[in-house]
Amino acid sequence: MKEERKNTLSVGMKIGATLGGIAFLIFGILPGFYFGGYGTLLLMTKLIGDAVAPTLLVRAILVVGITIGIFSIGALSLVVGAILGTAAGYVVNTVSAVLAPKMKEAEEPAKVK
């Protein structure tokens, strides 16, 4: 029974993480790009104190910020998907544990006749 429960939760986690990754690919890349770039420009403006000139160093820092933004939203999508999948696995496991004895009782009288 414990092995079955562990397997159910593992499958739920994998399915949830996969769905989170798909949701990231559909909905998350553009906001990651936008917020990573905006946050980096805002941080550089606060550090420099004036408008940021488009030099090679500023562009390199901006690329790093965009990359961090995309990876952060991707990681968040995967983790939230895995958590929701694990929660769905718990629900499926609980429902099957409650319904399993009733299913066995329903099958036994049919075998006796």
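Residues are numbered from 1 along each chain as its sequence is written, and side-chain values use heavy atoms, with hydrogens and water left out. As the model is predicted, local features need pLDDT of at least 70 and side-chain atom pairs count only at pLDDT 80 or more, while totals for chains, interfaces and linings use all residues.

Helix 1 covers residues 2–48; helices are DSSP runs (H or I, at least four residues), numbered from the N terminus. The end C-alpha atoms of helix 1 are only 58 Å apart, whereas a straight helix of 47 residues would span 69 Å at 1.5 Å a residue. The expected span is 1.5 Å times one less than the number of residues. A bend of about 60° occurs in helix 1 at Gly 28, and Pro 31 follows within four residues; the bend is the angle between axes fitted to the seven residues ending at a residue and the seven starting there. Just after helix 1, Gly 49 has a positive phi of about 95°.

Ile 22 in helix 1 counts as partly exposed because its relative accessibility is 41%. Ile 22 belongs to a nonpolar surface patch that also contains Val 11, Ile 15, Leu 19, Leu 25, Ile 26, Phe 27 and Ile 29, with about 800 Å² of accessible area together. Such patches join nonpolar side chains (Val, Leu, Ile, Met, Phe, Trp, Tyr) within 5 Å, or like charges within 9 Å, from residues with over 30% relative accessible area and no salt bridge (a side-chain nitrogen of Lys or Arg within 4 Å of a carboxyl oxygen of Asp or Glu). Areas come from the Shrake-Rupley method with a 1.4 Å probe, and for residues only the protein chains shown count as cover.

Helix 2 comprises residues 56–112. Ile 66 lies in helix 2 and is buried, at 14% relative accessibility. Beyond neighbours within four places in sequence, Ile 66 is in contact (heavy atoms within 4.5 Å) with Gly 32, Phe 33, Gly 36, Gly 37 and Thr 40. The C-alpha atoms of Ile 66 and Gly 37 are 4.9 Å apart, at a sequence separation of 29 residues. Gly 74, also in helix 2, is buried at 10%, and its C-alpha lies 8.1 Å from that of Gly 32. Asn 93 of helix 2 is buried at 11% and is in contact with Arg 5 and Thr 8, neighbours within four places in sequence being left aside.

Technical notes. Helices (H or I, at least four residues) and strands (E, at least two) are DSSP runs, numbered from the N terminus. Buried means under 20% relative accessible area, exposed over 50%, partly exposed in between (1.4 Å probe, protein chains only).
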